[in-house]
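Let's take a walk through this fold, one region at a time. Have the model open beside you as you read.

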Amino acid sequence: RNAVVHGVEPPEERRAAGKRERGRVRVEASGGGGRVRLRVSDDGRGVDPALVERAARSRGLAGEGERMTEERALRLIFRPGFTTAARASESSGRGVGLDVVERAVEDAGGEVRVRSRRGEGSTFELNLPARLALTRALFVRDGGRLYCVDSAHVLDVREAGVSEVERRGREEFVRPGVGDEVMRLVRLRELLGRDEGTKDAGGGDGGVAEGGKMTLVVTNAAGRGATGAEGASAAGGRVAVAVEAVEGRGEILVRGLGRHAGRWRGVAGATELRDGTVALLLDLQRLLE
C-alpha cells in the first residue's frame, strides 16, 4: 500500500521523468539459513528528504535549520503518526503503518531494512527468523566449539599456508594457490568478537593449524567488494573465512531464536546435534557486514 500510494507517481509525472506510465511494484519472498525475507520494491519517486523535512517540521519532529539527510528521512518515516500525505484517504494519511510493521517484525526477532534512490524507487525488506527450517549446513569448529554455516553461502573450502597471507594496512589478503584470485582474509574468531590474544579452547591459534596451514571457508561478502587487492574484485568480493577445522556437511533442523534473534546479529538460529549438544547457525554475510 505504501509503495502504491507514496511511491508510484501519477502518469504525467512518470512521463516527464522518462518512465512508462504504469508503475511497477514487485513483491518477493525467499528463505534460507533459518530466515525468511520478504521484499517489496517499486520504481517510483523514492523517499524525498525535502518532503519528509516539511512534514517533520509541521509535526515538531525537526527543528529549523536542521539538515535532512536521506538516512535521517528514512528513519523518520517509521515514527508513529508520521505521514507525508496532505490529507487522509482510504489508503493513507493517518500515519499508522510503518511503525506498526517495524514493531511487529522486531517482536518476532526480525528487522526492517529500507533502501531508496530519489527518482528511482524504494525497497523495503522484512527479514524474519523461521520457526523451523531444514537446511544443508557445513560444520566448522572454532574456539573449541562447533558451528553450522548455511551451505548456500559456502562457495568453496580451501587450505592455505601462512606464507600465502599478506597484510595490507589493517586488512589481510590470501591467495590459496597458484592461479587463484586474491581474497580478503577474515578469521572467524574476529567475526565472533573473541579475544585475539588468547589461544582457542581447542588449541588452535586464530585458524592456524599445525604445520602453518589454515582452513578457509570461501563466501561472498554481502554487498561489498574487496578493498583494493589486485584482482580481488573480479569475483564479486569473495572472502576467505579462516576456521580451525571443517567437520563435514549435513542436513539440520534449525530452530529460530524468536524475539531474541534481533539481539544477536549474524546468528540465524540453533540446532540440536546427534550428541545432544546445541550448535549455532551462523549467517556469514551478516557477520561480515
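Is Glu 247 buried, partly exposed or exposed? At 41% relative accessibility, Glu 247 counts as partly exposed; buried means under 20% relative accessible area, exposed over 50%, and partly exposed in between, using a 1.4 Å probe and protein chains only. Before going further: this is a predicted model, where local features need pLDDT of at least 70, side-chain atom pairs count only at pLDDT 80 or more, and totals for chains, interfaces and linings use all residues. Residues are numbered from 1 along each chain as its sequence is written, and side-chain values use heavy atoms, with hydrogens and water left out.

Back to Glu 247, which makes a salt bridge with Arg 141, the closest N and O atoms being 2.7 Å apart (a salt bridge is a side-chain nitrogen of Lys or Arg within 4 Å of a carboxyl oxygen of Asp or Glu). Glu 247 sits in strand E13 (residues 245-255) and Arg 141 in strand E5, so the pair ties together parts that are 106 residues apart in sequence. Helices (H or I, at least four residues) and strands (E, at least two) are DSSP runs, numbered from the N terminus. Arg 141 is partly exposed too, with a relative accessible area of 26%.

That pair is one of 18 salt bridges in the structure. In another, Arg 45 meets Glu 13, with the closest N and O atoms 3.4 Å apart. Arg 45 lies in the loop between strand E2 (35-42) and helix H3 (49-58), and Glu 13 in helix H2 (residues 11-16), so parts 32 residues apart in sequence are tied together. Elsewhere, Glu 9, Arg 14, Lys 19 and Asp 43 are linked in a salt-bridge network.

Now for the inside. The largest nonpolar core has 17 residues, and Val 140, Leu 188, Leu 191 and Val 217 touch the most other members. Such a core is a set of buried Ala, Val, Leu, Ile, Met, Phe, Trp, Tyr and Cys residues joined through side-chain atoms within 4.5 Å. A second, separate core of 16 residues includes Ala 55, Ala 56, Ala 73 and Leu 76.

Finally, look at the open sheet of four strands, ordered E1-E2-E4-E3 with antiparallel pairing (two strands pair if DSSP finds at least two bridges between them). Strands E1 (25-32) and E3 (111-117) stand at the edges with a single partner strand each, so one side of each is left without a neighbour in the sheet. E3 and strand E4 (residues 121-129) pair over seven bridges.
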